[in-house]
Amino acid sequence: MRVIIRRDYGNTPDVPVRTEDHSSPTKQSASNRQPSQPHTRGYVDNAIQHELAQARFIADDLGDHMFGHLVPTDMAKDILKQFIADCVVEIYDSSSETPNKPLGPKSKRVRKALAAAFKDARAHGCIRSDSDAVMAETKSVEADKKQGRGKKSKQQDNPYSWRWRDFPREPIGEDKLVTFLNDITDRALEVAKPRLDSNCKVRNRFAAPQDKYHGVPLSYEPDGEDMRPDFLVLPVKAFSPDFKTVDQKYVNFTALRAVGESKNKDFASGLDQVHRYARGIRRAQPWVHFVVALTVTRSRLALVRGDGSGTERLELVLSDGRGCIELIRILLGIALAEGDDLGQSSEVELETKERSCKVSKAKAPPPPKEAPPAEGHDRESKATASSSQLYSAPASLSTHDTSQSVLSSSGLAPHISDASVPSSAAVSSNSKRSYYEVDDGDDAGEDERKPSKKANRTEVPVVAFIPVAVYGRKCLGILFTTSSIRGRGTAVFCVVDVKDESRLLALKMSWQDVEREAEQNEVLEVLEKSRLKKIKLKESNPHANLVVPFESFKASRKNETCTTLGAIRAFLDDQLTGFAVENRVLSVSLSELKRPVKYFWGVHDFVRGVRGAVLGHQYLTSIGVLHRDISENNVVLARRPGEERGYLIDFDMAKLQEPEKPTEAAATVRTKRKGLIDDPGVARSSLPIPSDGVKPLKALRTGTIPYMSFNVLYGGRHTHFDDMESFLYVVFLFFFTYAGPLSKEELRIADTRGFTQPVGSGRLTHIRGWPSEFAMWSDGPPQQIAKDKDTSLGKTDSGTKLVDSAEVNHCLQKNWESGLYLGIRRLLLSLWTLFADSRLSDGFPLPRTQVTHGEFIEVLDLWLKEYRGNEQEFSNCPFT
């Protein structure tokens with residue numbers, strides 16, 4: 001039984017309604033990045049706006065929920081009382097005859113102000129089931145709201161203004177802010193020591209990056225975005241024993257426990273930036289259950305917690321009594337927090353290891369701005385500090401704000417390590433949210449400094465936190481990770497089988513929508529029944545081209561099933577019915593380790609791999625399972641020659657659905673042309689296409705955007721034909737993603753380490769950026785992507801024009817040698833024409849393609865047969 005009960009959010013999210021209706025966010029490229037796609041600021045900002053739409057909530061009790069067990073409200077009040085006595089905090093009374101003079105620490109009005117602040121903090125905290133007093137206060141606040149005595153009237157009745165004496169003066173300097181935060185934390189700790197449990201100790205501390213010219217290393221490439229938070233929360237092992245200096249090797253995203261951004265006025269911009277930083281933590285630490293961030297301005301502070309269902313945040317006014325109590329709770333709570341209090345998983349064992357990685361050098365910082373003259377109650381600092389120290393002594397300024405409070409390989413083109421890699425310039429988003437009145441003021445230009453388009457890459461040492469054991473199994477590293485805040489947040493680790501150390505497994509963690517659990521279980525049950533039936537009949541293995549998990553379970557957090565709205569946010573079941581966001585549960589599964597596509601041995605190896613995945617999809621279709629997420633990441637290859645060469649994985653989005661049969665018109669068109677295309681100029685048939693009388697149902701878009709069919713992007717009903725079109729894009733984009741395979745030695749090493757990516761290793765040398773014609777498929781509006789794909793497949797000579805366009809043809813010739821170039825071109829033309837010929841539009845609410853598994857496989861088989869003579873010449877298989 002819960003000790004505390006969370007308060008309902010009580011209002012709608014503070015973001016505009018999206019134009020598309022998704023109960024769960026589609027996988028944008030910036031969150032589920034494909035190998036060749038950039039991960040710069042513009043892409044990230046676009047993905048954040050998409051994934052967090054209707055999923056950002058104000059939570060007045062967030063501080064109490066996160067840190068109330070470490071710093072109860074009455075403890076924070078007693079600390080504040082001592083701060084008032086020590087003149088760390090000053091109180092002013094606007095109704096007195098001397099409004100610009102602080103009240104005496106022992107005056108009656110100070111006691112009255114402190115009592116009011118305490119009552120306000122308790123009334124906005126979590127509801128303690130054993131506290132009648134808090135329940136009474138809560139009812140009183142709710143009654144005030146019903147009678148119209150809301151926030152404004154309470155503010156008008158409250159004449160007190162609270163000011164932190166040593167809060168850094170404007171503009172807020174990063175080092176001075178960190179000094180202030182640590183000083184308040186240390187003072188609070190001294191006051192609270194007699195009341196703290198013996199197990200309580202300082203575990204984390206605030207720091208500011210010393211390096212003002214480079215982004216904080218993300219450890220997992222690409223690091224195109226220049227991410228340099230203004231302040232960080234690091235474990236105490238990163239600091240010297242006296243806490244005066246920090247080992248800069250720890251300043252990397254694998255070590256961060258929380259991130260922060262400081263602004264003078266632009267609160268909304270600060271929130272946008274910490275969302276980006278939070279995603280950086282999620283990418284570098286994919287095992288965390290949630291991420292924590294802070295935004296600080298001269299008058300406000302926000303505590304943000306992001307999980308798979310979106311974000312919660314607590315907004316505080318620093319000149320308010322309750323705001324002072326909550327600030328003390330947050331700072332001391334962060335300092336005392338154990339790993340799971342800040343989102344770390346108790347099932348993942350970490351070790352620190354020294355590594356190195358490259359970061360982009362940013363532009364030189366702008367000249368410092370002159371601080372404005374002191375206002376009303378500002379006083380000069382009593383201390384100074386050397387700028388060479390990590391923490392400088394605090395400069396003194398009140399937070400008074402009179403504005404209204406606001407809530408080369410053999411035979412292949414040589415590798416060019418950097419020339420074709422997407423620019424690392426961090427492009428600023430031009431969009432402004434309509435739900436904020438943004439006053440840039442003196443925050444203009446204070447965003448994180450951006451690297452130039454030809455940014456210098458500097459190698460820096462880091463102490464990285466590496467997972468060495470996951471759910472009781474030895475971990476060799478991370479195979480795959482996404483970086484979104486909201487969503488499935490899939491992470492795949494290479495682990496060792498506990499019974500056979502020579503056997504490597506893929507352990508997958510993902511946050512699944514609770515409402516899809518029954519659907520997912522049905523799919524797995526159908527797969528298992530089919531497997532057992534085949535075994536009983538002594539027939540061939542039906543899962544030969546599928547990688548189906550052999551073990552799966554729901555993770556736990558603090559002795560309950562790990563869900564975002566339950567175990568993390570602590571809402572009760574009867575509170576969840578009105579939520580506008582999905583509840584997610586952490587699912588863990590184990591399956592056989594296979595080879596990711598980016599470690600392909602050669603073109604023939606890849607084509608055989610796709611052929612195997614299509615066979616796996618054909619089997620799924622035959623038993624009534626629709627995959628719905630065909631992408632390069634979900635096609636894997638055999639680890640050794642002689643095994644099945646290709647497999648289909650990941651059934652998270654699969655559902656039971658009877659397959660559609662091709663229409664008569666589509667079958668008629670397909671008899672016109674079979675096999676490989678010899679003449680690129682052959683025209684398409686123009687036979688009339690009758691209606692099949694079926695109206696597609698409006699469905700949620702599922703899949704990974706660059707690979708989604710135009711029918712699904714338009715909003716049409718998802719069928720197995722749409723999955724087949726996704727296979728077309730898997731093949732097509734492959735040849736623009738890579739410039740030949742890695743060398744034999746690189747492939748051998750990759751196999752030895754279980755295809756995990758070493759921390760700081762950077763982007764693989766054979767990865768290239770997509771041509772501009774395809775780049776928009778990753779992050780453009782779904783309707784625009786659909787129109788572009790539909791138009792391309794709707795023209796009689798679309799395939800020839802596509803591969804003959806200057807940029808596309810240049811990329812093919814640059815990435816692949818002439819011995820392969822002509823064969824690749826022919827394969828692309830044949831497949832593209834096959835789908836163009838199958839396009840149906842007349843009589844259908846939405847156009848779509850209808851290519852069968854057999855037709856797709858036939859093209860691949862003919863190509864493999866015709867070009868089998870040069871397979872060994874262009875193969876880098878390390879086992880032959």
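Reader: With which handedness does H15 pass H21 in their crossing?

Author: This is a predicted model, in which local features need pLDDT of at least 70, side-chain atom pairs count only at pLDDT 80 or more, and totals for chains, interfaces and linings use all residues. Residues are numbered from 1 along each chain as its sequence is written, and side-chain values use heavy atoms, without hydrogens and water. A crossing is left-handed if the near helix is turned anticlockwise from the far one by less than a right angle, and right-handed if clockwise. By that rule, the crossing of H15 and H21 is left-handed.

Reader: How are H15 and H21 directed relative to each other?

Author: Helices here are DSSP runs (H or I, at least four residues), as are strands (E, at least two), numbered from the N terminus. Axes are lines fitted to C-alpha atoms, for helices over the stretch in contact, with angles from 0 to 180 degrees between N-to-C directions; those of H15 (residues 720–737) and H21 (residues 818–838) come within 11 Å and cross at roughly 155°. Angles under 35 degrees count as roughly parallel, over 145 as roughly antiparallel, 65 to 115 as roughly perpendicular and the rest as oblique. The two helices, H15 and H21, are therefore roughly antiparallel.

Reader: How many nonpolar residues does the contact of H15 with H21 have?

Author: Contact means heavy atoms within 4.5 Å, and the residues that meet include Leu728 and Phe732 in H15 and Leu831 and Trp832 in H21. Ala, Val, Leu, Ile, Met, Phe, Trp, Tyr, Cys and Pro count as nonpolar, Asp, Glu, Lys and Arg as charged, and the others, Gly among them, as polar. The contact of H15 with H21 has no polar residues and 1 charged residue, while its nonpolar residues number 13.

Reader: What is the distance within which the axes of H12 and H22 come?

Author: Two packed helices are described by the angle between their axes and the distance between the axes. For H12 (residues 603–622) and H22 (residues 853–866), the axes cross at roughly 160°, which makes H12 roughly antiparallel to H22.

Reader: Is Arg305 buried or exposed?

Author: Arg305 is placed in strand S10 (residues 300–307). Buried means under 20% relative accessible area, exposed over 50% and partly exposed in between (1.4 Å probe, protein chains only). Because its relative accessibility is 2%, Arg305 counts as buried.

Reader: Which residue's side chain makes a polar contact of 2.7 Å with the side chain of Arg305?

Author: A polar contact is a pair of N or O atoms within 3.5 Å; within protein, one must be able to donate a hydrogen and the other to accept it, and residues adjacent in sequence count only if both atoms are side-chain atoms. The side chain of Arg305 has such a contact with the side chain of His65 at 3.2 Å. At 2.7 Å, the partner is Glu312.

Reader: Which residue's side chain is joined to that of His289 by a polar contact?

Author: His289 is found in the loop between helix H8 (267–284) and strand S9 (291–296), and a relative accessible area of 3% makes His289 buried. Among the residues it touches are Asp307, Trp511 and Ile568. A polar contact of 3.1 Å joins its side chain to that of Arg557.

Reader: What is the phi of Phe755?

Author: Most residues other than glycine have a negative phi. Phe755 is in the loop between helix H16 (744–752) and helix H17 (772–779), where it is buried at 2% relative accessible area. Although not a glycine, Phe755 has a positive phi of about 65°.

Notes
Lists of a residue's contacts leave out its neighbours within four places in sequence.
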